[in-house]
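User: I am new to this structure and would like to learn how to read it one feature at a time. Could you take me through it?

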Amino acid sequence: MNQIDAIIQSINDFREERNWGAAHNPKDLAISLSIEASELLEDFQWKSSEQAIEQNIENIKDEIADVMIYALTLSSVLELDVEEIIREKIKKNGIKYPAKK
């Protein structure tokens, strides 16, 4: 088991121990992911990047973790291979945005 799969398994175990599985459908996970990303944005609102990091680094870390947890949970529910879909997207981006030679 690779590190991503181990993290997903830990998240799934946490969820199952609390019987949250029924609430974790794709629609609600996508909504929750967007909400957590918005909470991350709040840490930067009306500040420079430097100010936001200086003032909010602990909350920034928590919000990034929440975003990642929801994204990985959604991937798990949809039975997607996270490594595969990221590699595919990097390839697509390489075609769309080629490096300048």
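Analyst: Let us start with a term for accessibility: a residue is buried under 20% relative accessible area, exposed over 50%, and partly exposed in between, with a 1.4 Å probe and protein chains only. By that scale Arg18 is partly exposed, with a relative accessible area of 35%. This is a predicted model, in which local features need pLDDT of at least 70 and side-chain atom pairs count only at pLDDT 80 or more, while totals for chains, interfaces and linings use all residues. Residues are numbered from 1 along each chain as its sequence is written, and side-chain values use heavy atoms, with hydrogens and water left out.

User: How many salt bridges are there by the rule used here?

Analyst: Side chains of opposite charge can pair when their charged atoms come close. A salt bridge is a side-chain nitrogen of Lys or Arg within 4 Å of a carboxyl oxygen of Asp or Glu, and the count by this rule is five. Among them, Glu17 and Arg18 pair with N to O at 3.3 Å, and Glu17 is exposed, with 60% relative accessibility.

User: Where in the structure do Glu58 and Lys61 lie?

Analyst: An α-helix has 3.6 residues a turn, so residues three or four places apart point the same way. Helices are DSSP runs (H or I, at least four residues), numbered from the N terminus. Glu58 and Lys61 are three residues apart in helix α3 (residues 49-77), and are therefore separated by about one helical turn. Their side chains form a salt bridge of 3.1 Å, N to O, and Lys61 is partly exposed at 46%.

User: Which residues line the largest pocket?

Analyst: Rolling a probe the size of a water molecule over the atoms shows where empty space is left. A pocket is an open set of points on a 1 Å grid over the protein atoms alone, where a 1.4 Å probe fits, with protein on both sides within 12 Å along at least five of seven lines; lining residues have an atom within 4 Å of a point. The lining of the largest pocket consists of Ile11, Phe14, Arg15, Trp20, His24, Asp66, Ile69, Tyr70 and Thr73. Helix α3 gives the largest share of this lining, four residues, and α1 (3-17) and α3 each supply at least two.
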